[in-house]
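Please look over the sequence and the model below before reading on.

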Amino acid sequence: MRRRDFVSGGLAATVSGVVTHVPAARAAAKPTIPFGAAVRGGALVDDYDYRMALVERCQLVVGEGGLKWFDLRPSAEEFNFFDADKLLDFAQQNGMKMRGHTLVWYGAMPDWTKSISGASEALREMTQHIEKVVGRYKGRISSWDVVNEAIAEDPSTSDYLRPSIWESNLGKPYIETAFRRAAEIDSDTQLVINEYDIEFVGDRYKRRRDALLRVVKDLRDRDVPIHAVGLQGHLRGDYEIDKEGVSAFVAELKEMNIDVIVTELDVIDHLLPADNQVRDEAVAAIAADFLGAICDVSRPTAILTWGISDRYTWVPIYFTRDDGKPNRPLPLDRDYLPKPFMKVIQNFTRGTG
Ligand code: XIL
């Protein structure tokens with residue numbers, strides 16, 4: 001019997017009637033590093049092949065949206081857990097873990113939060129949000145992006161945090177407060193500070209690594225419960241990875257007993273050659289440079305890509321190609337066929353990279 005027939009035979013509808021349980025489709029080999037992908041809510045409901053690809057390839061998932069303030073908080077009083085619950089159902093029924101993205105961020109904030117002002121109101125809003133959301137998923141979300149993108153776009157020594165409603169109202173300690181509160185609510189979940197643009201050659205990226213290390217060191221010195229740095233890894237096909245810089249950065253984290261997790265890997269390919277094969281090889285090569293620089297020093301606790309198939313990717317929101325060709329930033333193509341990038345992931349997750 002073909003695998004696909006077997007899987008279809010094993011389908012069982014869940015509460016929503018659309019998310020399916022596919023026990024037979026678990027990957028046979030247990031990888032050394034768990035692999036996961038960001039999941040788009042609409043596609044999870046509509047696209048059977050998408051669900052299949054996730055179940056076959058992933059040991060964990062994270063919502064591309066769903067747990068962002070914009071999705072969760074239509075108003076100051078309301079919490080809408082529908083999408084996050086649906087993804088968690090899908091994950092649990094298929095033996096996958098789920099990460100949470102994200103509790104405290106400058107982005108994806110609903111309009112009503114613009115009226116938050118003053119330290120006491122900001123503290124109340126932030127802690128109430130953490131309590132409610134982490135509390136609801138206690139024991140079921142195994143890793144949280146507690147603070148996302150805290151580092152300034154181009155940090156200086158005196159000015160190294162990104163402005164946000166949290167930073168402007170609470171100052172630098174907002175990060176410490178968020179981590180402490182999350183740990184008090186769920187003491188078993190992995191608590192992560194998540195960041196982008198730290199891996200390329202260039203002074204600005206070095207300054208961003210230094211600023212992030214400074215923040216993490218400071219948290220460590222104050223015994224704040226933080227377990228890992230999340231490297232988003234939105235790689236640029238047209239930039240070079242600073243392999244030495246990344247390895248040195250990971251080594252410093254290792255010294256502090258801080259893990260690394262790759263949280264949002266993809267390769268932004270708008271300036272790469274048009275030819276699919278050439279482009280796919282270039283994408284795979286840059287991903288290998290990045291993962292190699294990390295894994296040479298320490299094994300990430302997981303590797304997640306920001307999507308699984310080129311069919312559903314955020315990249316064209318910001319990086320469309322001049323030639324009109326679709327972006328190819330992810331490990332599977334639009335028809336769910338593996339590209340060289342998938343092979344790179346397999347090499348690293350199975351420890352053969
Ligand atoms: C992106 C999503 O993929 C898009 O669908 C959404 O419209 C905007 O946000 N870094 C992050 C993610 O931490 O939350 C972003 O996700 C991509 C960049």
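In this predicted model, the lining of the largest cavity divides into 7 nonpolar, 2 polar and 2 charged residues. The cavity in question holds about 40 Å³ of space, and a search of the whole structure finds 1 cavity of 30 Å³ or more.

Several elements take part in building the lining, each with at least two residues: helix H4 (69–72), helix H9 (203–221) and helix H12 (315–318) do so, and so do strand S7 (234–236) and strand S8 (259–268).

From the spaces one can move on to the way in which helices pack. Two packed helices are described by the angle between their axes and the distance between the axes. Helix H6, residues 119–136, and helix H8, residues 174–185, have axes that come within 9 Å and cross at roughly 30°. Because angles under 35 degrees count as roughly parallel, H6 is roughly parallel to H8. The crossing of H6 with H8 is right-handed. On the side of H6, the contact involves Leu123, Met126, Thr127, Ile130, Glu131, Val134 and Gly135, which meet Tyr174, Thr177, Ala178, Arg181, Ala182 and Ile185 of H8. Taken by class, the residues of this contact are 8 nonpolar, 3 polar and 2 charged.

Helix H9, already named as a contributor to the pocket lining, packs with H10 at an angle of about 5°, their axes lying 11 Å apart. That angle makes H9 roughly parallel to H10. Here Arg209, Leu212, Leu213, Val216 and Lys217 in H9 meet Gly245, Phe249, Glu252 and Leu253 in H10, and the contact divides into 5 nonpolar, 1 polar and 3 charged residues.

Helix H10, residues 243–255, also meets helix H11, residues 276–295, and the axes of these two come within 8 Å and cross at roughly 35°. H10 passes H11 in a right-handed crossing. The contact is formed by Lys243, Val246, Ser247 and Val250 from H10, with Asp289, Ala293 and Ile294 from H11; it has 4 nonpolar, 1 polar and 2 charged residues.

Two points of the backbone remain to be visited. Most residues other than glycine have a negative phi, and most peptide bonds are trans. Against that background, histidine 101 and threonine 102 are joined by a cis peptide bond, with omega at about 5°, and threonine 102 is placed in strand S3, residues 97–104. Aspartate 197, although it is not a glycine, has a positive phi of about 55°; this aspartate is found in the loop between strand S5 (190–195) and H9.

Technical notes: Residues numbered from 1 in each chain as written. Predicted model: local features only at pLDDT ≥ 70, side-chain atom pairs only at ≥ 80, totals over all residues. Heavy atoms only, no water. Helix = DSSP H or I, 4+ residues; strand = E, 2+ residues; numbered from the N terminus. 1 Å grid on protein atoms, 1.4 Å probe; cavity = no way out; pocket = protein on both sides within 12 Å on 5 of 7 lines; lining within 4 Å. Points joined across faces, edges and corners; volume = space filled by probe spheres on them. Nonpolar A, V, L, I, M, F, W, Y, C, P; charged D, E, K, R; others polar. Axes fitted to C-alpha atoms, helices over the stretch in contact; angles between N-to-C directions. Parallel < 35°, antiparallel > 145°, perpendicular 65-115°, else oblique. Left-handed = near helix turned anticlockwise from the far one by under 90°. Contact = heavy atoms within 4.5 Å.
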